[in-house]
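I am opening my notebook on a new model today. These entries follow what I looked up, in the order I got curious.

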Amino acid sequence: MSPVTTCDVAVIGAGAAGLVAGHHLRREGHKVIIFEKQSQVGGTWIYTNKTEPDSLSLDPNRPVTHSSLYLSLRTNLPREVMGFKEYPFVVKKTGQRDERRFPGHGEVFEYLQDYGSEFGVYEMIRFDTEVIRVWRDGNGKWKVRSRKVKSGGEGVSEVFDAVVVCNGHYTEPRIAYIPGVDRWPGKQIHSHNYRVPEPYRNKVVILIGSSASAVDISREIASVAKEVHIASRSTSNEETATLPGYDNIWLRPMMENAYEDGTISFPNGVKISADIILHCTGYKYHFPFLDTEGIVTVDDNRVGPLYKHVFPPSLAPWLSFVGLPWKVVPFPQFEFQSQWIAGTLSGRISLPSPDEMTKDAEAFYSSLQSSGIPKRYTHNMDGIQAIYMAGLFLQFDYNDWISTQCGSPKTEEWRKKMYSATSLNRKARPETYRDEWEDDDLVFEAYQDFAKKIS
Ligand code: FAD
């Protein structure tokens, strides 16, 4: 490959997205520095039992803990689907590894370290170095100000041709609005600060949400709590049942009010005296270091305007984002996006004009609006019908589209089928899908494919 242009590129973050971006950018011929504020690679997958002192993480000046993992977390995707295309997530026989198909978080962390070593990514990383400001310097270049986490201070500024933002989006909690909660005397926590069930022993807990984390955490807490009430917008007002298989988990609609006497009211006149509200309500995109003079904004969790979730049209390809979409298989998608960014920066792949990219983004946003889809679903690539109708690419169509731009292979058919099989299995067996499945034929196919990649 002979790149047309070599750029100096700053990558922010050495989680999975930053590792992949660094690898593909360098492979394309660019000079790369990856800034990472932690001391290790892995981002989200660096488990810590440390939580934030502000249990809702609302204080902008709080000491931030990056990871939101809880101790018992196992992946919600099988390792074959979850792993990188170029570096399959197969069981390693060295050391003490977790060989399960849906392994614990420690195995993913080790896998990301292996990826870093395999492709020599470590030599591009500046650890313990936080990016505190990114802005344009008036000559079409980017300035990146960073500082050593331990020493703090003003830091130093360096100039780059391009910046790739890979800072993750599972650190800044979204909180549910509950009328009256300011006067309610109980404790509120966001799942960002949930680690183990013990603090919930004998408590009455209202858990808000229906995401993968909400499903896991509600079951885990129920093993010690007195009662767990799962409040969710997707539960009908008439619902009063306990969850099948549990006598202390109730499915509730979203709560109505919280009161000074410690009770919480639900539609239907149900009132519960509760000790803890646990918000499993997701996260906000947050780029505290990024100053684009208002060109890129976060509005109701839409990062925009962006062409295909990656490039702000008027700053492309010099500013880009890896990993914004959610309800996706993240690691392989990072590979597609990173190849695209690397190739556009070198001039090997062309982008439409800024005007055309802007029109594309605007058309996408107005199709969401006319289908009644809130802005905060902009980066959701789940296959729900409304989003499909709004013209949003679903994840595999999106990945295939990028692969066409890059001239690289598309998502493997077995991966698509296994993803669907896992989603169905998870719905059918939310407690046991990680240990019981019926897609061994696809596992066989995946390993045949891996055999071609692993020497
Ligand atoms: P992160 O992993 O968050 O990495 C971002 C990095 O940027 C961090 O290392 C951070 O320290 C660094 N950083 C941030 N700001 C700065 C700064 N200013 N300066 C320098 N460095 C900075 N995905 C799956 O595929 N399977 C799963 O089963 C799964 N389960 C999940 C469970 C939970 C509870 C959560 C929260 C996420 C889960 N995910 C899962 C999604 C997961 O986030 C992705 O797999 C992936 O790790 C995201 O990688 P990232 O690089 O985008 O972000």
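Where is the place of G343? I found G343 in helix α5; helices here are DSSP runs of H or I with at least four residues, strands are runs of E with at least two, and both are numbered from the N terminus.

**Ground rules.** This is a predicted model, in which local features need pLDDT of at least 70, side-chain atom pairs count only at pLDDT 80 or more, and totals for chains, interfaces and linings use all residues. Residues are numbered from 1 along each chain as its sequence is written.

**More on G343.** I checked its burial: G343 counts as buried because it has 25 C-beta neighbours inside 10 Å. The scale I use calls a residue buried if 20 or more other C-beta atoms lie within 10 Å of its own, exposed if 12 or fewer, and partly exposed in between, with C-beta atoms placed from the backbone. Leaving out residues up to four places away in sequence, G343 touches E28, R348, I349 and C406. A contact means that the two C-beta atoms, placed from the backbone, lie within 7 Å.

**Ligand shell.** I counted 33 residues around the ligand, and the closest are G13, G15, A17, G43 and G168. The top contributor is α1, with three residues. By type, I get 16 nonpolar, 14 polar and three charged residues.

**Helix α8.** I looked next at α8 (residues 395–406), whose 12 residues reach 16 Å from first C-alpha to last, close to the expected 16 Å at 1.5 Å a residue. The expected span is 1.5 Å times one less than the number of residues. Buried in α8 are Q395, F396, Y398, N399, I402 and C406. Seen down the axis, these buried residues fall within an arc of 155°, so they line one face of α8. The arc is that of the directions from the helix axis to the C-beta atoms. A handy reminder: an α-helix has 3.6 residues a turn, so residues three or four places apart point the same way. The cover over the buried residues of α8 includes α5 and α9. Just after α8, G407 has a positive phi of about 70°.

**Helix α9.** Which residues of α9 are buried? I noted W414, R415, M418, Y419 and T422. They cover an arc of only 135° around the axis, which puts them on the same side of α9. The face turned away from that buried side carries the exposed residues E413, K427 and A428. The cover over the buried residues of α9 includes α2 (79–82) and α10 (440–453). K417 also lies in α9, and K417 counts as partly exposed because it has 16 C-beta neighbours inside 10 Å.

S57 has a phi near 55°, positive in a residue other than glycine; S57 sits in the loop between β2 (31–35) and α2. S57 is buried, with 23 other C-beta atoms within 10 Å. N301 is not a glycine either, yet its phi is positive at about 65°. I found N301 in the loop between β18 (297–299) and β19.

Which peptide bonds did I log as cis? From G304 to P305 the bond is cis, with omega near 0°, and from A316 to P317 it is cis with omega near -5°. P305 lies in the loop between β19 (302–304) and β20 (319–321), and P317 is in the loop between β19 and β20 as well.

How values were computed: Near = placed C-beta within 6 Å. Nonpolar A, V, L, I, M, F, W, Y, C, P; charged D, E, K, R; others polar.
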